[in-house]
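Please look over the sequence and the model below before reading on.

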Amino acid sequence: GLPAVADAMARLGFAPRETTPARERRDGRLALRLDSCPFREAVRAPGGRLVCDLHRGLVEGLADRAAPGAVVSEFEPRDPDAAGCRVTIHSPGAAP
């Protein structure tokens, strides 16, 4: 299920922290705050926001693999030095 997304992001060095309220977890939602950016140097470089776009694609692929049909409804990049990017995923059947 969706917790596998957090596990994969942890292995990649993003230090995800689940922030999903219990009632939303029951509805098939997963909200994460990424407390580390392992690619901060690349994000700081000119055109670095492309790295964030690639990470969104990575999260979308991980979510679909963990729960086919899952949708990334929120992907909010933050300053790579402060980290704290926010990600929200909805499983199939959950209202976005």
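**Briefing on the protein**

In this predicted model, among the contacts that join residues at least 6 apart in sequence, 50% are between residues that lie at least 24 apart. The points below take up the elements, the overall dimensions, the surface and charges, and then one arginine.

**Elements**
- The protein contains four helices and four strands, and when they are read from the N terminus their order is α-β-α-β-α-α-β-β.

**Overall dimensions**
- The radius of gyration of the protein is 13 Å, which agrees with the value near 12 Å that a compact globule of 96 residues would have.

**Surface and charges**
- Buried residues make up 36% of the 96 residues of the protein.
- The protein has an accessible surface of about 5,400 Å², and carbon and sulfur atoms account for 53% of that surface.
- The protein carries 14 positive and 13 negative charges, and the mean position of the positive charges is 3 Å apart from that of the negative charges.

**Arginine 29**
- Arginine 29 belongs to strand β2, which covers residues 29–34.
- Arginine 29 counts as buried because its relative accessibility is 18%, and the cut-off for buried is under 20%.
- The side chain of arginine 29 also makes a polar contact, at 3.2 Å, with the side chain of histidine 90.

Terms used:
Residues numbered from 1 in each chain as written. Predicted model: local features only at pLDDT ≥ 70, side-chain atom pairs only at ≥ 80, totals over all residues. Heavy atoms only, no water. Helix = DSSP H or I, 4+ residues; strand = E, 2+ residues; numbered from the N terminus. Rg over C-alpha atoms; globule rule 2.2 N^0.38 Å. Buried < 20%, exposed > 50% of the residue type's maximum accessible area, 1.4 Å probe, protein only. Contact = heavy atoms within 4.5 Å. Areas by Shrake-Rupley, 256 points an atom, 1.4 Å probe, with all protein chains shown as cover. Lys, Arg positive; Asp, Glu negative; His and termini not counted. Charge placed at Lys NZ, Arg CZ, Asp CG, Glu CD. Polar contact = N/O pair within 3.5 Å; in protein donor to acceptor, adjacent residues only side chain to side chain.
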